[in-house]
Amino acid sequence: MYIVSFKTPVIELEKTDYDIDTLSKEINTSPYDILHKPNWFKIGDEWYYFKAMDKLERFINEILGSFLAESNGIPTAKFKVASYFNGRYTSYGLISKNFKLQGKTYTTTYDLKLPVYDQGLSNIVTAREYFKEEKDYYNFITSLLISTAIDFYMNQIDRVNENLLFIKDKNSLSLAPMFDYSLSMDIGRKSVCAKFDDIARLYTFYYKENERKKEQKFGSAFLNITFPSREARKLFYDYPKFYETFKRLIDFDMESFLNMVEDNYPIAIPKYLKEHYLGYSKEKQAFIKKMI
């Protein structure tokens, strides 16, 4: 078993009864979302969402994504390992505190009436209409591109419409905290694409194509981009922090990160999995180094 007793204990959750309509007001989300993702627990005065996981690599990916986002100035959900006994068996997973603030409007690419696939970079231009000030627009696109660089490094295949939220104000948009990093690092890509082949062709998001040309494509609900490409180089010029994020990712020390996970979380990572992460990171960093 990969859950062990290290410095940070596993949080044992207790069943929390709630009324869906009341909870939706407390956590600023729709009753529909709660109905389809009902695993909410109250700890003290705060609401937390519990995501059960059956694979260790998904734990690691969530922690890695949150770590990279925070390290690069991107708002993100933060995770703690938890367990829940439903009367029959115990599920292990991660909890994250509800990040939706009262009085704020959270929206998606689709809600903004922007295309969510095969859109290229058109949404970067179209989104300008939601901003009064140029500097707010520039900062929004910058933050979106930094998160794109992280997703590209991680081979994120699940940055779908519901997993990419924005905060909509009267005169601007901003990036809401990022979350759901589990389907990345080449973990789950083959099985997901095999199971949902038609969906994968339309919606997902990181994939490799035309290896002879040494190109890799990335897509999310907001944009699609090929690396390397003329479009990518222009974005590097227009948004220098996008380029700088890739430079930092080249220097990211995966081995130190994995050691940190074992030191600070109740998780033991087997040798074969460490080798996967180290090998993946080395290969991806080599590609990034050539493309920038």
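Because the model is predicted, local features are described only where pLDDT is at least 70 and side-chain atom pairs count only at pLDDT 80 or more, while totals for chains, interfaces and linings use all residues. Residues are numbered from 1 along each chain as its sequence is written, and side-chain values use heavy atoms, with hydrogens and water left out.

The protein chain contains eleven helices and eleven strands; these are DSSP runs numbered from the N terminus, with helices (H or I) of at least four residues and strands (E) of at least two. Of its 292 residues, 49% are buried, a word that here means under 20% relative accessible area, with a 1.4 Å probe and protein chains only.

Strands of a sheet pair through backbone hydrogen bonds, either parallel or antiparallel. Here, two strands are said to pair if DSSP finds at least two bridges between them.

Six bridges link strand β4 (residues 80-85) to strand β5 (residues 90-97) in the antiparallel sense, with Y84 opposite S91 in β5. Strands β2 and β3 are also antiparallel, over four bridges, and I43 stands opposite E46 in β3. Their hairpin has two residues between the strands, and G44 takes a positive phi near 65° there.

An open sheet of three strands has the order β6-β7-β8, with antiparallel pairing. Strands β6 and β8 (173-175) form the edges, each pairing on one side only. On average, neighbouring strands of this sheet are turned by 35° against each other, direction ignored. Three bridges join β6 to strand β7 (residues 166-168), and Y106 has I167 in β7 as its bridge partner. Helix α5 packs on the sheet by touching β7 and β8, at about 25° to the direction of β8.

How far should helix α5 (residues 134-154) span? At 1.5 Å a residue, its 21 residues should span 30 Å, and the end C-alpha atoms are 30 Å apart, so the two values agree; the expected span is 1.5 Å times one less than the number of residues. Helix α5 is mostly covered, with 16 of its 21 residues buried. Just after α5, N155 takes a positive phi of about 60°.

Finally, the largest pocket is lined by 33 residues, and those nearest its centre are K37, K100, E162, L165 and F179. Two or more lining residues come from each of α2 (31-36), β3, β5 and β6 (105-107). The largest share, four residues, comes from α2. A pocket is found on a 1 Å grid over the protein atoms alone, as an open set of points where a 1.4 Å probe fits, with protein on both sides within 12 Å along at least five of seven lines; lining residues have an atom within 4 Å of a point.

Notes. Buried < 20%, exposed > 50% of the residue type's maximum accessible area, 1.4 Å probe, protein only. Axes fitted to C-alpha atoms, helices over the stretch in contact; angles between N-to-C directions. Contact = heavy atoms within 4.5 Å.
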